Amino acid sequence: MAKKPPISDPDERHPRVGAPLSSAAGVGGVTHGLTAGLAEMGVRRTALTLLKVNQTDGFDCPGCAWPEPRKRAHAEFCENGAKAVAEEATLRRVTPEFFAEHSIADLAGRTDYWLGQQGRLTTPMIRRPGGTHYEPISWADAFALTASKLRERAPNEALFYTSGRTSNEAAFLYQLFARAYGTNNLPDCSNMCHESSGTALTNTIGIGKGSVTLDDIHAAKLLVIVGQNPGTNHPRMLTALEKAKRSGAKIIAVNPLPEAGLLRFKNPQRVRGLLGSGTPLADRFLQIRLGGDLALFQAIGSLLLKEAAIDQPFVDAYTAGFEAYEQARRHVDWRATEQATGLTRAEIEAAARDFAESDATIVCWAMGLTQGRDAVATIREIVNVQLVRGMIGRPGAGLCPVRGHSNVQGDRTMGIWHEPPSWVPALGDALGLTMPVERGFDTVEAIRAMRDGAAKVFFALGGNFAAASPDTAVTEAALASCELTVHVSTKLNRSHTVPGTMSLILPCLGRTERDEQAGGDQFVTVEDSMSCVHSSQGRLEPAGPELRSEVAIICDLAAEVLGDALPWPEWKTDYRQIRTLIERHVPGFDDFETRVAEPGGFTLPHPPRDERRFATASGKAQFTVSELASIDVPEGRLLLQSVRSHDQYNTTIYGLDDRYRGIKQGRRVVFVHPEDLAALGIADASYVDIISEWPDGERLAPQFRVVAYPTARGCAATYFPEANVLVPLDATAKESNTPTSKQIVVRLRPCDQP
């Protein structure tokens, strides 16, 4: 029997703090994952569901985009994957009676944790103009209302947001619907996470995706993990790192925080992992200052040139711009580099030797890099280093941006982008449509458009836009200013508490559930971080009889808005027809239906990896030159980054503990080095307001408990979405426009204990 949802918010005013752990997973991971499943699903449902996670005849875990190995374990999931599945397959339900009991104002005063714990949404709901509560509405009326509002407005006054959990089939139809309607306003969660990766990689190697496979990870001789915490965010990656380590690979961890997963991994699939000491992973830990990665890779590149550790045949045959790069990296300003990185020259030189001695190097990174001001330049410097060593198109080598959402990469492949992909005009011609060519709004631009009255309708296919976006007060006010907000959701979240004049909540199926249409049971497909496309099919009965699939919702709404010019009812009935359309128009999907039926699916072509062919202006991989840059932090200030807790997946809060960092029963904590606390005159365990300082003024996040923690000197960390309020809408990375949630200049102001 599953536990009932909490009636009131738990008291998290006084978090308990213990010592951080020095290892990840093991018995603790198994226990916590199963405990979460039992609490939400009960014994039988937990067993039946978890054994289908990431299996070839099961469903893709919604918890991350790490690929599955060819030979899969019976339990091919991690602790946080079990929590993600439990959140979706929960037996708890949010019914119309719940909404009658709780006003929107009441819901707005609850924590994100409490909202998510209430269970699955079951019925379409509407907040009418002036209404204080959501109330039920029929699907037909919901579609008619949405269609009427869309027809009233010019296409560019509507925004179509996408979460990375959306399937390929739903994403393809969603972008088709938006463009057939007349707009490229397709902001998505990529704009807030890996847009910097896509921008840098497209400009340098000609494709905005990583160049490695899981087999490459296993075969690498040097793995460099930068700005990433796989122990919490991609726990199954630790198994791949352990396999590489056992084959002789060396691992460098580059991070301001010592992360348990990169120190030692206790593999729950192995007896030694459960009962023994586990496997040490990182051979070298570079505790870098926030934002110092740009200077680090510039210096490593310079040292490789100095030592003539150059793959000259590769450079000559496959790259352009080497001479300018060589000239720019002729000398290292060691004083500026040490100041920017917080590392010593000896540490950097040792890391450069590791690069020079390896003939198979992979650099992996995540949001620790992508959400900085100079993120694009930093990733280009990583590309430079890999090009110097010839590490593109070689087994066990390459570039590996590690994505979060399980299909965030697939959504972009399917055309979810505010700039139309090259294949969109041909799709329009084939369907008799004139596709819009004007660039649409990305996420930050979409918030500005709502704020300024240029956008009046906001439609979200999944996600939790209010909690995921920066500048919380501005984002929430922007959403509330819309004439209509529509959220296709599985669970209650923060975005539902800041409705537009009218607001709809449309409940949809989750990954774990059967998708039965008129044409029979359907499956969908997803693309992981390494360009592998595979099927996903849930087996559970839907959480309620009124739930519809994302594909069905898009098709029914599109038919209502656009009429019968396109066969929306046929696509809704049989997803094979959608895949046929994808096959005809999206590169790499030849013989889609046959290949995706193979166990494990298929890998999309990647010209740099497969052929050392680069779709850049020069036809070659491009060396680039960037200036050394770092964030100026005035005296008495710290550089703050926002991070996930271990009981969290993006904006979904599973619990109030972060056991790897020693935190229990609370989230409003700020991690600061003990010597920085002494210099600031702030006591460990005291309470502070966090104040960010920007040219347009200050922003406040009140009442955080101080935790003395071994982070890099001059740096601090706290959790998001609590820290989002500190990031202005206009504080974004150069070129990619990604919010800079990893480089926030703050001061800590003592305050009373809550």
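Which residue in S22 is the bridge partner of threonine 525? In the predicted model examined here, local features require pLDDT of at least 70 and side-chain atom pairs count only at pLDDT 80 or more, whereas totals for chains, interfaces and linings use all residues. Residues are numbered from 1 along each chain as its sequence is written, and side-chain values use heavy atoms, with hydrogens and water left out.

The bridge partner of threonine 525 in S22 is serine 535. Helices (H or I, at least four residues) and strands (E, at least two) are DSSP runs numbered from the N terminus, and two strands are taken to pair if DSSP finds at least two bridges between them. S21 and strand S22 (residues 532–536) pair in the antiparallel sense over 4 bridges. They belong to an open sheet of 3 strands in the order S21-S22-S23, with antiparallel pairing. Strand S21 (524–527) and strand S23 (602–603) stand at the edges with a single partner strand each, so one side of each has no neighbour in the sheet. Helix H8 (residues 168–181) lies across S21 and S22 and runs at about 90° to S21.

Strand S31 (residues 697–708) pairs with two further strands. Strand S29 (residues 669–672) is joined to S31 by 4 bridges in the parallel sense, and valine 669 has arginine 705 of S31 as its bridge partner. Strand S30 (residues 687–694) runs antiparallel to S31, the two being joined by 7 bridges; valine 688 stands opposite phenylalanine 704 in S31. S30 and S31 form a hairpin with 2 residues between them.

The axes (lines fitted to C-alpha atoms, for helices over the stretch in contact, with angles from 0 to 180 degrees between N-to-C directions) of helix H15 (residues 293–306) and helix H19 (residues 345–357) come within 9 Å and cross at roughly 60°. That makes H15 oblique to H19, where angles under 35 degrees count as roughly parallel, over 145 as roughly antiparallel, 65 to 115 as roughly perpendicular and the rest as oblique. In contact (heavy atoms within 4.5 Å), residues of H15 including Leu296, Phe297 and Ile300 meet residues of H19, among them Ile348, Ala352 and Phe355.

The structure holds 23 aromatic pairs, defined for rings of Phe, Tyr and Trp (its six-membered ring) by centres within 6.5 Å; planes under 30 degrees apart count as stacked, over 60 as edge-to-face and the rest as tilted. The rings of phenylalanine 322 and phenylalanine 623 have centres 5.3 Å apart and planes at 65°, so this pair is edge-to-face.
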